[in-house]
Every structure is written in structure tokens, then in C-alpha cells.
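Work through the exercises below with the structure open beside you. Try each task before reading its solution.

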Amino acid sequence: MIEQSIRDLLRVSVTVRNRVDGHVFAGNIPHGVQGECVLLQDITSENFAGLAGEIGKAAAIVQVTCYAERSHEAFSLAEVVRNRISGYRGSAGAIDPVIIDSCLPIGGGGSGQETAVDSSDRWLHSYTRDYEVFFETSVPTLT
Amino acid sequence: MAAKTGLGCTLIFTTTSAWTPQYLSISGPQIGIDFLETSHLGTTGGFKTFVRNDLVDGGEYTAEFFWDAAGGYPPFTVISETITVTNNDTGAATEAFTGSISGFDGPTRTVGSLQMATLTIKVLGAITFTA
């Protein structure tokens, strides 16, 4: 799953670790997480095919949302993420690594504001940016 | 006669068989038959008249493929070779001919999309159709 590979790519970055201390998640944010965090979600993906079938290449839109207590902090965290992955080409992922051909942001970013339910709710601001990722995949063997 | 997609169709160069791109599409043949006008001042009926020319032009094949520089370039320096197109029907019908590359449109290298290139092959003689 490409979002997990990019998650791992972020987690191994010292700059990202210093900022969010490993709070980079794919799919969902675990209950009880405190402090700033990054959430990655695979929005859509496509496996490319030719006349011989799949060619071992895929593309996905990965949505990256950065959460922080203040809007400018959410944006700066999104910039830390962008600095790490925008333009990245190479291996990514701790388990079953994939080869990324291209990872680039698409469109502009966007900020959102969530209303606190009560005093325990820390997440008031988020900044979201989508990335288009081209990567290698396995070719089906029909077995 | 059943309709089919192109999945499974192949195009093989017999001599330069090591060059095997991942084709996205194979179009052809584009056979052309000329007709010679036989109308003259005495032609009646209000319509022009024609006779079919003796020879058929085998035309061209066009193939679009995913470009990977590591796979090398098409064999456009080869004067001619046997080329076989195999269809994806039950009997794997083939079209075999002597051909030569008449055009190569290299990829547009841009972000956000896979690189594609296009090949044009001129048929140099007869096409052998095998069902």
C-alpha cells in the first residue's frame, strides 16, 4: 500500500521525527495520540496496462493531512512533509519497499478547522495537500 | 464474428527480436487500393467509371508503446525484416509481412504521466494472413 511506504519514508526522516516524533499514520490516527501528527490516505489509484496486461506501474493520489493546535503550525508541518517527499524518486517502505518514480504535489493545499468538542480535543487545525505518486508494482502471474 | 479487445495482441520483429516494448496499441494494416478513372467524353449514365489497379499497397502499421530508454530504441536502422502481428482471437490469427520502420515519434517527457512513443512501420510487400 503506497501510503504505508510514504509513511515509512516520512518516519525515517530526522526532520520529520524531530517535529512529530513518529506520529505519521496511514489510514487512521490511533486513539489517544497526542501532539502534532500526519495522516496519509490513498484516495485513488490506477494500475497501468498495455496489450500484454499490467506493465508493473501504478499511480495513486495520496492525501496528506497535517494536524496541529494552530493553523500556522499545521501549515509548517505540511511544508516539512513537502520538503521530504516532493520530487522523491527511489525506494520507500520498511517492509516490502516499493520503487517510487515520481511524487509531486497536485493543486494547492487547503486548510481546515475542526471545532473542539471538549477540553480533551487537541486538534483544531489541519492542512491537507494531495500528492500524485507513480510507482512500480508487481505484474500478476495469473496463478 | 465476436467483438474483442486488444489484450493479448503482439507485434514481433523477427530479426531485432530483442527489442520488446510494452505496446499500448497496434493499429493496422491500412491497406490502400488505387482505382484508375476510365471516364471519357463518351461516357454515359451520368457517373464516372473506374477500374481497379493491379497492385495493392500493404500500407502501414502504427504502434504506441510505453517508452523506457533502458529498453533501447526501435530498430530504425534495419533496412527490412519479417514482422508478425498476432491477434488475440482463439486461433491467434497472424499477419506476417516484410516491413521497415518509416517513423518514430519519441516520447514527450513531462511530469505527471507515463512516457509514450509511437512507431510507424511500412509494409514492403504482401501481407500473409493466417487465420
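**Exercise 1: A glycine in chain A**

A:Gly53 has a relative accessibility of 16%, so this residue counts as buried. This model is predicted.

Task: Find which strand holds A:Gly53, and which residues A:Gly53 touches beyond four places away in sequence.

Solution. 
- Step 1. Locate the residue. A:Gly53 sits in strand S3 of chain A, residues 53–68.
- Step 2. List the contacts. Leaving out residues up to four places away in sequence, A:Gly53 touches A:Phe48 and B:Leu7.
- Step 3. Compare sequence and space. A:Val139 is 86 residues from A:Gly53 in sequence, but their C-alpha atoms are 8.4 Å apart.

**Exercise 2: A serine in chain A**

Task: Decide whether A:Ser102 is buried or exposed.

Solution. 
- Step 1. Take the cut-off: buried means under 20% relative accessible area.
- Step 2. Apply it. A:Ser102 has a relative accessible area of 19%, so A:Ser102 is buried.
- Step 3. A:Ser102 belongs to strand S5 of chain A, residues 98–113.
- Step 4. Name the neighbours. Not counting residues up to four places away in sequence, A:Ser102 touches A:Tyr88, A:Arg89, A:Glu132, A:Val133 and A:Phe134.

**Exercise 3: A surface patch in chain B**

Task: Say which residues form the nonpolar patch on the surface, and which elements give two or more residues to the patch.

Solution. 
- Step 1. Collect the members: B:Ile31, B:Ile33, B:Phe35, B:Phe50, B:Val56 and B:Phe129 form the patch, with about 570 Å² of accessible area together.
- Step 2. Sort by element. Strand S3 (32–37) and strand S4 (50–57) of chain B each give two or more residues.
- Step 3. B:Phe129 lies in strand S8 of chain B, residues 116–130.

Notes. Residues are numbered from 1 along each chain as its sequence is written. Chains are lettered from A and ligands numbered from 1 in the order in which they are written. This is a predicted model: local features need pLDDT of at least 70, side-chain atom pairs count only at pLDDT 80 or more; totals for chains, interfaces and linings use all residues. Side-chain values use heavy atoms; hydrogens and water are left out. Helices (H or I, at least four residues) and strands (E, at least two) are DSSP runs, numbered from the N terminus. Buried means under 20% relative accessible area, exposed over 50%, partly exposed in between (1.4 Å probe, protein chains only). Contact means heavy atoms within 4.5 Å. Patches are made of residues with over 30% relative accessible area and no salt bridge: like charges are joined within 9 Å, nonpolar side chains (Val, Leu, Ile, Met, Phe, Trp, Tyr) within 5 Å. Accessible areas come from the Shrake-Rupley method with a 1.4 Å probe; for residues, only the protein chains shown count as cover. A salt bridge is a side-chain nitrogen of Lys or Arg within 4 Å of a carboxyl oxygen of Asp or Glu.
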